[in-house]
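Hello,

Please find the structure we spoke of below. My notes on it follow.

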Amino acid sequence: MEFAMFCTRVNTLLLLVVLCSSCKFIQSPMDFGPLDIAQTTSTASLDFGSILFNSPSGVLRPESPRDISLLLSFLSASSFSQVTVAARGAGHSIYGQAQAPDGIVIMMDSLPSTIEIHRRRDGEAALSYADVSGGVLWVELLAESLKVGLAPRSWTDYLYLSIGGTLSNGGISGQAFKYGPQITNVLQLDVITGKGKLVTCSPTMSSELFYAVLGGLGQFGIITSARILLQDAPHKVRWLRAFYQDFDIFTKDQELLISMPEKVDYVEGFIVLDERSLHGSSIAFPSHMDFIPDLQKGSSNVYYCIEFAVYVYEAKDSSIEQVAEEILRQMSYMPSRIYSVEVSYFDFLNRVRMEEMELRRRGVWDIPHPWLNMFVPKSGIKEFRDLLMENISPQDFEGPILIYPLLREKWSTNTSAVLPEVAADSTGGGGDDEVVYIVGVLRSATPGSCPPGCLHDLLRRNRRITEAAVGGQVGAKQYLPHHQTAMQWRQHFGRGWERFAARKARFDPLNILAPGQGIFPRIS
Ligand code: FAD
């Protein structure tokens, strides 16, 4: 049986080599052996998480969307095949989501890198936008759009992620309270479905596919191009950090900030266990690190830090100081624990790159990352904080813990993205369901903090936190979800499961796409 399945797979791959004349199709090193092939397949077996390693049987480096369409048309028409296919953007998943065990990985960065900027002319009603191929990195789009004074509105903290990869999840950062996640800032997509059909879709054209793909975990189609909304780019950014000892005051101030979108452009926050908790800090904010080591001196306290920003649109706009002062007057941070710098818009958005370079220099970038990301309703955020602190030891935790509020109304319920469900008995009076926190426990398993064997323990702890937060009073949901069983996936989607499964049956009926998510087993 094993042997027969293997033969069938190899036959399929050989057929593909013949069919796919323009693209480069590479089989696994087991079949051919040269070094560059080994490197390509081993890259496709890896991701940023460094927790799961699944080798594909082959890697496709398409030279056009047609190559992808050809591959998927062939696979969906050949009933004998068990082959699965995963698009790989920048490979920054944590739990093998862009891997295809024994299947085919499509390297999206090999598609021609197209970025076409369309600037709205004065008096025109239409919005400015960019048409971008799916494998382009957000940092490339930023650099290109800034040349004409424009930029996307909604971001991720780290920009070396692909357009198709973040649109398959959500794409969130400190601007999301104001503009929504990246998936609500897209006007149109070119998608190749699991049946190999190339479809241009938007809210008014093949809208079911458009919304399915956004936040769809790669299940319904491969995004070969996206039309991203642009706005005028700010000239520079006033970037501030304020510290707190009291969690309630911290969250109250965060919620105050997101209630002022006319003044505030970005809001995030951190739980500060020690000086390692504030990513990028030593470079941008060298002065605010001095008091944090006090946390280590016998007390088990933590600090909380709000990070927010105000954008400056005119080069000589002096009102920025006044705006910042007005905001600060309403906040209740620890006396004198406020820090502020002014940086270019590009440097602000690209801030995590500074940290990456530092971690690479120390040799602690390419290590396991047992990350956990959860959406937590406002009503459960304090309980979730307690749960987290019970399961984390500040002494051996390395990495930031992000925590900041989002507004549910900025998310479209048509997309496949999952937020905590609104409680059935909610009267809507207090508006508590409207605010949802994102909490990112971004742990690095450095050799210093995680000796061999401890990774399993950390993953077990993550599972414990997730189970308690999803199942109990907290009512949380995972962001960038990773589940082990069909039942857990059903629970994850909750009331949205039927729609998700129906969309899958319609756009990828043989369950060919994104097997690394582990949601739907391949149908032969
Ligand atoms: P990949 O890991 O390559 O793919 C992810 C999934 O999308 C896979 O299932 C894959 O098959 C599918 N996919 C990839 N490309 C396509 C395509 N073109 N069409 C259809 N499906 C596709 N997320 C945030 O929201 N906010 C953040 O601030 C943030 N910061 C991060 C910082 C770092 C350092 C890292 C490692 C991750 C961060 N993320 C953040 C998570 C990130 O958004 C997701 O992991 C995202 O999927 C990464 O994009 P990628 O191109 O690496 O995707």
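Which exposed residues does the face of α13 turned away from its buried side carry? They are D386 and E390. The model is a predicted one, in which local features need pLDDT of at least 70 and side-chain atom pairs count only at pLDDT 80 or more, while totals for chains, interfaces and linings use all residues. Residues are numbered from 1 along each chain as its sequence is written.

A residue is called buried if 20 or more other C-beta atoms lie within 10 Å of its own, exposed if 12 or fewer, and partly exposed in between, with C-beta atoms placed from the backbone. Helices (H or I, at least four residues) and strands (E, at least two) are DSSP runs, numbered from the N terminus.

Helix α13

Helix α13 spans residues 381–390, and its buried residues are I381, F384, R385 and L387. These lie on the same side of α13 because they cover an arc of only 165° around the axis, the arc being that of the directions from the helix axis to the C-beta atoms. The cover over these buried residues includes α8 (247–258), β15 (372–377), β17 (435–441) and α14 (454–471). Contact here means that the C-beta atoms of two residues, placed from the backbone, lie within 7 Å.

The sheet

An open sheet is formed by 8 strands, in the order β14-β11-β13-β12-β16-β17-β15-β18, with antiparallel pairing. Two strands pair if DSSP finds at least two bridges between them. At the edges are β14 (338–344) and β18 (477–478), each of which pairs on one side only. Strands β11 (residues 236–244) and β13 (residues 303–312) pair over 9 bridges, and L240 stands opposite F308 in β13.

Two helices lie across strands of this sheet. One is α8, across β11, β12, β13, β16 and β17, at about 15° to β13. The other is α14, which lies across β15 and β18 and runs at about 15° to β15. Axes are lines fitted to C-alpha atoms, for helices over the stretch in contact, and angles run from 0 to 180 degrees between N-to-C directions.

The ligand

There are 36 residues around the ligand, and G89, H92, S162, G164 and G165 come nearest; a residue counts as near if its C-beta atom, placed from the backbone, lies within 6 Å. At least two residues of this shell come from each of β3 (85–88), α5 (163–167) and β10 (221–232).

The whole protein

The protein has 16 helices and 18 strands. Of its 524 residues, 45% count as buried.

Regards
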